[in-house]
Amino acid sequence: MSRMNLLQAVNNALDTAMAADERVLCFGEDVGIFGGVFRATSHLQEKYGRARCFNTPLVEQGIIGFANGLAAQGSVPVAEIQFADYIYPAFDQLVNETAKFRYRSGNLFDVGGLTVRAPYGGGIAGGHYHSQSPEAYFAHTPGLTVVVPRNPHQAKGLLLASIRSPDPVIFFEPKRLYRASVGEVPDEDYELPLRQAEVIKEGNDITLLAWGAQMEVIEQAAEMAEKEGVSCELIDLRTIVPWDIEIVVQSVLKTGRLIVSHEAPLTGGFASEIAATIQSRCFLYLESPIERVTGLDTPFPLTLEKEYMPGPLKVLDAIHRTMGF
Amino acid sequence: MKTTRSTVKPVHKPIFANGDDIQIPVFTQLKPDGTVYADAGPSSLDQATARRIYRAMLYTRVLDERMLAAQRQGRLSFYMQCTGEEAAVIGSTAALDDADMIMAQYREQGALAYRGFTTDEFMDQLFGNERDTAHGRQMPIHYGSRDLYYLTISSPLATQIPQATGYAYGQKLAGKGNCTLTIFGEGAASEGDFHAALNMASVHKVPVIFLCRNNGYAISTPVAEQFAGDGIAARAFGYRMQSIRVDGNDILAMYEATREARRLAVEHNEPVLIEAMTYRLAAHSSSDDPSGYRSKKEEEAWHKKDPLRRMQRWLIDRGWWNEDEERELTESLRREVLETMKQAEKRRPPALGTLVSDVYAETPPLLREQFEALEAHIRRHPETYPRSAPWLDDDSATEGWA
């Protein structure tokens with residue numbers, strides 16, 4: 001075990017993957033000798049050489065197109081998009097190519113080796129273009145797997161699983177937690193399961209569901225609610241798609257109440273999908289309407305970021321509404 | 001101030017450059033009548049390769065004629081012909097190693113024909129039947145073959161070009177001396193993916209050949225409304241890439257240019273851009289009518305430069321081909337295509353389970369539930385689903401599931 005922050009855990013996972021398999025390559029803008037703008041790829045070029053860890057020109061559609069080709073060839077590319085906000089030039093490559101490679105060829109070709117890493121989310125005074133949470137766009141595309149870790153231990157295990165998954169994975173890293181989240185991380189090579197949510201705290205009265213950086217927020221809300229005598233069950237979804245419906249259903253059958261929270265805007269956010277599915281599966285067990293506590297339907301703001309964000313008190317208010325329904 | 005080439009030299013008056021002083025010639029060896037230019041030198045095409053090329057060209061012509069007719073008869077939903085561009089596609093393919101990767105656009109069936117894609121394989125894809133390796137998931141002409149190193153076609157234009165750069169980067173690391181050829185139209189070269197691909201290939205020194213079929217039109221849009229520069233070949237200079245413009249209807253020139261491009265790519269890791277000047281003698285697709293955007297006179301002028309006629313004359317002049325052989329081969333190919341088509345159109349549709357397999361390596365539970373609900377629905381309303389309902393109990397519905 002070593003004490004690491006989330007960034008160090010990502011770096012350690014990449015190092016572990018590259019050491020274990022020479023087909024693993026890391027590339028993106030400023031990823032080479034500089035080690036990435038957040039330093040997630042620090043020292044990888046020194047250790048594994050310029051052929052396996054390198055800078056690319058500044059062209060996201062090219063990075064993902066290149067990565068798709070490499071994965072089809074049998075390499076295991078880990079491409080970095082510097083901020084999730086800048087992934088959209090590569091949207092065509094991801095949605096029309098990455099996601100459909102296996103299906104459209106009848107499994108003659110696939111890009112299962114591909115992992116795309118991108119820092120996402122707010123809380124760093126990043127304004128419109130360094131704060132977005134674009135997971136719902138990709139969740140709407142069959143063939144993609146979207147994974148978001150909540151802490152360093154999760155980040156290393158889920159990233160290693162993503163790199164080795166037979167399907168292409170978009171791995172969104174909560175950049176607000178890069179240095180803020182610190183914890184014990186096993187030194188050895190380990191994987192945590194994809195497509196499986198995790199109950200991180202059991203409770204009886206209400207289920208709170210989130211992922212990534214928002215886990216910390218619902219944990220804070222739960223602590224406040226517990227002091228008022230409300231027993232909260234906390235679930236980290238971890239894989240956004242394909243998502244673990246069963247674990248959420250089991251929890252809501254027990255608690256009868258559900259709040260889903262994410263930073264992305266409300267309308268068309270992934271919380272909507274979860275709410276629709278859970279109401280249809282748990283209809284007769286629900287004690288109150290499913291609540292969504294999310295960002296507003298605006299571009300991501302700057303000065304009024306705190307007002308926009310679905311902070312712990314907004315979640316607590318929702319708990320009160322739900323419990324008092 | 002540095003570029004990668006040298007320290008930039010200062011001047012003290014504003015001097016602009018637009019590239020007009022660079023003239024890119026057209027490399028050609030075979031005259032439009034099929035005789036060889038006096039100073040062209042001997043071709044490196046041997047008899048066996050030349051005959052293999054010509055057979056593939058003839059095959060492609062026969063296939064295209066027959067399948068367009070089938071589309072017109074309502075037997076096939078859609079078709080795209082390679083007609084007029086066979087030399088550009090097959091000449092370049094012939095200059096490769098058969099294990100070099102090809103990532104094409106959609107009009108390059110000649111490359112598959114050259115590599116030995118069978119008539120059964122063509123037909124099963126075109127009719128999307130139970131033997132189509134892609135289970136009838138894509139429109140006709142979206143072929144693919146792992147064994148023949150031919151990436152499955154994708155409709156969005158130019159997406160395969162940066163993929164070719166990436167694939168070739170992997171080939172370079174693998175060190176087996178292979179390269180990738182990617183083929184696209186001059187219209188697709190306007191896409192950002194084209195520019196991304198060329199720049200990355202040049203920066204990372206990747207063994208990839210970019211072959212642009214400049215056939216004059218992107219559906220109806222003529223080149224004059226597609227770009228203002230000197231064609232596609234000139235774009236390579238901005239990326240410091242080797243570039244050549246070739247008469248795309250000249251089989252000898254296409255073969256020689258690609259052979260040399262492959263040498264540069266594989267031996268020196270120099271990516272190469274080839275601009276093949278050619279013409280789409282047929283419509284863009286079975287849904288298109290070229291009379292709305294180009295003249296009969298223009299089409300006739302290009303018919304006189306038909307790549308098949310030119311190569312045929314060259315082969316006959318060398319004693320490597322004769323008219324009897326041509327007639328016999330044409331007739332036997334027509335029979336083969338027609339008979340195979342009749343078989344293919346009668347085959348069953350793909351198993352229902354293939355609707356949901358291959359989305360992921362392992363089908364997720366939610367998708368399995370959706371499939372089971374669909375299956376139950378079809379059982380309730382079999383008359384609405386005549387393609388799948390009769391086979392429900394025959395098929396192992398979950399056959400495709402990993």
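**Exercise 1. Which strands form the open sheet of chain B, in what order, and where are its edges?**

In chain B, an open sheet is built from six strands in the order 1-7-8-4-3-2, and their pairing is parallel; strands here are DSSP runs of E with at least two residues, helices are runs of H or I with at least four, and both are numbered from the N terminus. Two strands count as paired if DSSP finds at least two bridges between them. The edges are strand 1 (26-27) and strand 2 (101-103) of chain B, each of which pairs on one side only. The model is a predicted one, in which local features need pLDDT of at least 70 and side-chain atom pairs count only at pLDDT 80 or more, whereas totals for chains, interfaces and linings use all residues. Residues are numbered from 1 along each chain as its sequence is written, and chains are lettered from A and ligands numbered from 1 in the order in which they are written.

**Exercise 2. Describe the pairing at strand 2 of chain B, and find the helix that packs there.**

Step one: strand 2 of chain B pairs in the parallel sense with strand 3 (residues 180-185) of chain B over three bridges. Step two: B:Met103 stands opposite B:Thr182 of strand 3. Step three: helix 5 (residues 160-174) of chain B packs on the sheet and touches strand 2, strand 3 and strand 4 (208-214) of chain B, where contact requires C-beta atoms, placed from the backbone, to lie within 7 Å. The direction of helix 5 makes about 175° with that of strand 3 of chain B; axes are lines fitted to C-alpha atoms, for helices over the stretch in contact, and angles run from 0 to 180 degrees between N-to-C directions.

**Exercise 3. How many residues of chain B are in contact with chain A, and which helix supplies the largest share?**

The count is 35 residues of chain B in contact with 36 residues of chain A. Helix 5 and helix 6 (192-204) of chain B each supply at least two residues of the side that touches chain A, and the largest share, 10 residues, comes from helix 5 of chain B.

**Exercise 4. Is A:Leu114 buried or exposed, and where is it found?**

A:Leu114 is found in the loop between helix 5 (101-104) and strand 5 (115-120) of chain A. A:Leu114 counts as buried because it has 29 C-beta neighbours inside 10 Å. Beyond four places away in sequence, A:Leu114 touches residues including A:Ala67, A:Pro77 and A:Pro168.

Key
Buried ≥ 20, exposed ≤ 12 C-beta atoms within 10 Å, placed from the backbone. Contact = placed C-beta atoms within 7 Å.
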